[in-house]
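Reader: I have the sequence and the coordinates open side by side and would like to go through them with you. Could we begin with the packing and then move on to the charges?

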Amino acid sequence: MTGQLSVEVLGQAKPFIYRQARLLDRRRYEFHFEQGSPEQVIAALRAYQNEDGGFGQALEPDIRCPQSQPVPVEIALRLMDEVSYVDPTIMDGIGRYLKGITRPEGGFPLATLVVNDYPHAPWWHREEDQLPSLNPTGNIIGLLYKLLEHHSFQEEEWFQLSVEYMWRQLEDLNPYDYHDIVQAATFLEHAPNSERVQEYRVWLDELIRRPGIIELDPKAEGYVHKVLDWAPAPNHPVAKLVTAEDISQHLDHLLTEQQADGGWPIRWEAVSPACELEWRGSITIDRLLTLRAYGRLSS
């Protein structure tokens, strides 16, 4: 890829971000590409945190309810990790919220029933909310492990119960479901290293390597998970499970997916036009970061 094309990609994406994306994603863009500060990203993130310590307010654009939900908490943790800035007040609130929603056997629900009272994507509709779910428990616990130097959550009962829940769930995950596998992967990537963790990491690598798990066709359409969804950066654990040729082909195709307005599309039906723009702003930052991580985008 030429330097000129690198400039064109960013040059087209920047006005899209400032024209269409929410403040949080404009701050992310500034942090990664305009020498913005992590504090500005965290300041924008705080607006989504509720009094109970959890996150709502459509931080996950497909969940439009203002009340706290588990998946937006996962997103908040991921954003703090992304900018390497962990706010202790935000983390205190997250711990308070997670303690309140931890199920007796450990783990967190996918969503609570209040999600039904507001516009939401159909896959978020809930008939019950008393059972824990691998999604998002695995990502939340994995990210908390990664960020634990900033807090002592590991000493609390709700955390220990949820860790044990995750170990049980590894035996029952759907081996063909992207979301289940990703939850297990995040948990195993950041859990304290042990012989047990190493054995499960090998097991998970073998599972992901099976034909049909990673979508290798860069032109595949619909709600599919392609090579760069699994391995958005060369240092990602899944990157070693695919070939350099596969990665190169998907990077080439990713560049072609940038739309005329400068942003990248989503692969599913949005709840509303506003929801679609919120997602596109977020995903456009993600795509730019992937291109840069693989050397296809100048800094």
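Author: Let me begin with L98, which, leaving aside its neighbours within four places in sequence, is in contact (heavy atoms within 4.5 Å) with V73, F108, I140, L144 and W158. This is a predicted model, in which local features need pLDDT of at least 70 and side-chain atom pairs count only at pLDDT 80 or more, while totals for chains, interfaces and linings use all residues. Residues are numbered from 1 along each chain as its sequence is written, and side-chain values use heavy atoms, with hydrogens and water left out.

Reader: Which residues touch the most other members of the largest nonpolar core?

Author: They are L45, L77, L98 and F187, in a core of 83 residues. A nonpolar core here is a set of buried Ala, Val, Leu, Ile, Met, Phe, Trp, Tyr and Cys residues joined through side-chain atoms within 4.5 Å, where buried means under 20% relative accessible area, exposed over 50% and partly exposed in between, with a 1.4 Å probe and protein chains only. Helix α12, residues 273-293, gives the largest share of this core, seven residues. Apart from it lies another core of eight residues, including C65, V71, L110 and W124.

Reader: And the fold overall, how many helices and strands are there?

Author: The protein chain has twelve helices and zero strands, with helices (H or I, at least four residues) and strands (E, at least two) taken as DSSP runs numbered from the N terminus. Of its 299 residues, 53% count as buried, and the C-alpha trace spans about 55 × 40 × 35 Å along its principal axes.

Reader: Let's take α9; which of its residues are buried?

Author: In α9, the buried residues are V197, Y200, L204, D205, L207 and I208. They cover an arc of only 160 degrees around the axis, which puts them on the same side of α9; the arc is that of the directions from the helix axis to the C-beta atoms. On the other side of α9, E195 and R209 are exposed. What covers the buried residues includes α7 (157-169), α8 (178-190) and α10 (227-230).

Reader: Changing topic, how many salt bridges does the structure hold?

Author: It holds 16, a salt bridge being a side-chain nitrogen of Lys or Arg within 4 Å of a carboxyl oxygen of Asp or Glu. In one of them the side chains of R28 and D25 meet at 2.9 Å, N to O.

Reader: Are R28 and D25 buried or exposed?

Author: Both are buried, R28 with a relative accessible area of 3% and D25 with 0%. R28 and D25 are three residues apart in helix α2 (residues 23-33), so about one helical turn separates them. They also belong to a network of salt bridges that links R22, D25, R28, E82 and D286.

Reader: What about E278, which residue does it form a salt bridge with?

Author: E278 pairs with R64, their closest N and O atoms being 2.8 Å apart. The pair links distant parts of the chain, 214 residues apart, with E278 in helix α12 and R64 in the loop between α3 (38-46) and α4 (70-82). E278 counts as buried at 18% relative accessibility, whereas R64 counts as partly exposed at 23%.

Reader: And where does K226 come in?

Author: K226 forms a salt bridge with E257, with the closest N and O atoms 3.8 Å apart, and K226 counts as buried at 4% relative accessibility.
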